[in-house]
Amino acid sequence: MPAPSSLATWQALLQRRSTHPLPSLRDLFATDPGRAVRMQASACGITLDYSKNLLDDGTLALLLRIADEVDLAGRTRAMFGGERINTSEARAVLHVALRCPPGAHWPVGGTDVAAEVHAVRARMRAFSRQVRSGDWRGHGGERITDVVNIGIGGSDLGPAMVCEALADHAGDGPRMHFVSNVDGVQIGEVMRRCDPRSTLFVVASKTFTTQETLANARAARAWLVGTLGDESAVARHFVAVSTNAAAVHDFGIDTANMFGFWDWVGGRFSLWSAIGLPILLALGPERFDELLAGAQAMDEHFRDTPPAANLPVLMALLGIWNVNFLDAASQLVAPYHQRLHRLPAYLQQLDMESNGKSVRHDGTQVDCRTSPILWGEQGINGQHAYFQLVHQGTQLVPVDFIGVLDPGGEDEGLHRIAFANLVAQAEALMRGKTATEAEAEMRAAGLPEDRIAALLPHRVFPGNRPSNVLLLERLAPFTLGALIAAYEHRTFVQGVVWDVNSFDQWGVELGKQLASRVLAELDPSAPCPTADAHDASTLGLIGRYRAHAR
């Protein structure tokens, strides 16, 4: 695969960027009435309006040529076909197979992956029905009222985000809690809110060795056993999502209640696997099936639709234009629906752990900027916080506005206010406010001329700030599944163009390795680390902790 900068289309885009001034979005909309309609793509209950991006038709045509030049279609077939595109770990990347519908077959290397997927899914469905119906009881016969998922990273962010986003689809499911932080506060708060007699813990760790997850799981186990007074209670109050049967058994969990998955499932792509067990427990298996169906529909759209109408491909190429040719170092995601407030945190891992790389597949350095810093939260709050920077700051920050058309069961008038703000913010970023407009506005308000002159520089908005608007017809399992899958494929496409491996995460390892060493050194009864063990700053921090802990 060639380096990005060696692509003929990449060079053509650089040339175009240097010889063509950035267009005025105001002027483009004024002179091209069909722009908004032409620059849209729809799939699976989602519409992407990308007309407020800083490009014209000529630039868009060049971006679309990149997809052909990097053989995106071939790379997509390789992923769907189970080839080992995760080259640094020699693994296939088959999260798409987790969404395959009942009756489907997915042959890879002589194995029908679909059969394995459906076997695990059937066990998850049966177990979730037992818990939700009350057939599964705690050690003392109590019905399960609370479920606590203990995991971290992909074992926490995806299930937590989905359960929050679809909470109004839960029916009479159990209350859900998610524990990932290992500082003792989060697990402590959960234990104070829950009754151990009616609480079920899901310990999610593929290897069952993740330090943070196992520390929290042991704390939960000690709380349960200490309260109920019986070690055998663990088997009725703990289940595992793991592949390490020996460690699960040693913990006291019945391995019949262990749900496994495969090495071709990356953590940040795993909510569709057994990692999604909390989703089934919260929402029921039927809603989980709808979530999978939405993702699978987006998979088909991505695989079969030409780039010019392909929603994830367009999202990816627009991001590349912003990052690599407009020097945007960050990307804001602003959902205008409270139940989607955890989506930016989920997308942070999906995007930055996947494409936050500086080395290409062949081990050479990437010659361009890769993943932007992705950030954001619920958009209404953002308007009263960081939108100031987006409107008038010195950095270009592209925005993904995410809105929902149907208010669901909520107050339609309030929903309309939130939607009006989404539309207005996207328009304001595009239009800005000229000095002439600001001056006229202040004069109409009766401000004296000297005050107008003093305020004018502060009341001008440059505009021409790019954004996408993603509209969901409704926030439902199907459309949420499609939205998540669209961002997954967007991430994949950008990794293909940048020639990085989007499916490993070696960058998370070093800190974890050092943490194990430092943990032992923080014990005040252990020997002090030697002067050559760490730098002076690290030694000082360790010393301060040891002195405080004595």
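Helices α13 and α14 are roughly perpendicular to each other, a label given to angles of 65 to 115 degrees, whereas under 35 counts as roughly parallel, over 145 as roughly antiparallel and the rest as oblique. Their angle is about 70 degrees and their axes lie 7 Å apart, α13 covering residues 285-304 and α14 residues 311-325. Axes are lines fitted to C-alpha atoms over the stretch in contact, with angles from 0 to 180 degrees between N-to-C directions. Helices are DSSP runs of H or I with at least four residues, numbered from the N terminus. The contact (heavy atoms within 4.5 Å) involves M298, H301 and F302 of α13 with L311, P312 and V313 of α14.

The model is predicted: local features need pLDDT of at least 70, side-chain atom pairs 80 or more, while totals for chains, interfaces and linings use all residues. Residues are numbered from 1 along each chain as its sequence is written, and side-chain values use heavy atoms, without hydrogens and water.

What volume does the largest pocket have? It holds about 1,200 Å³, a volume being the space filled by probe spheres set on grid points joined across faces, edges and corners. A pocket is an open set of points on a 1 Å grid, over the protein atoms alone, where a 1.4 Å probe fits, with protein on both sides within 12 Å along at least five of seven lines; lining residues have an atom within 4 Å of a point. α22 gives the most to this lining of the largest pocket, six residues.

The second largest pocket has about 290 Å³, and α18 gives the most to its lining, with four residues.

Definitions and conventions: Helix = DSSP H or I, 4+ residues; strand = E, 2+ residues; numbered from the N terminus.
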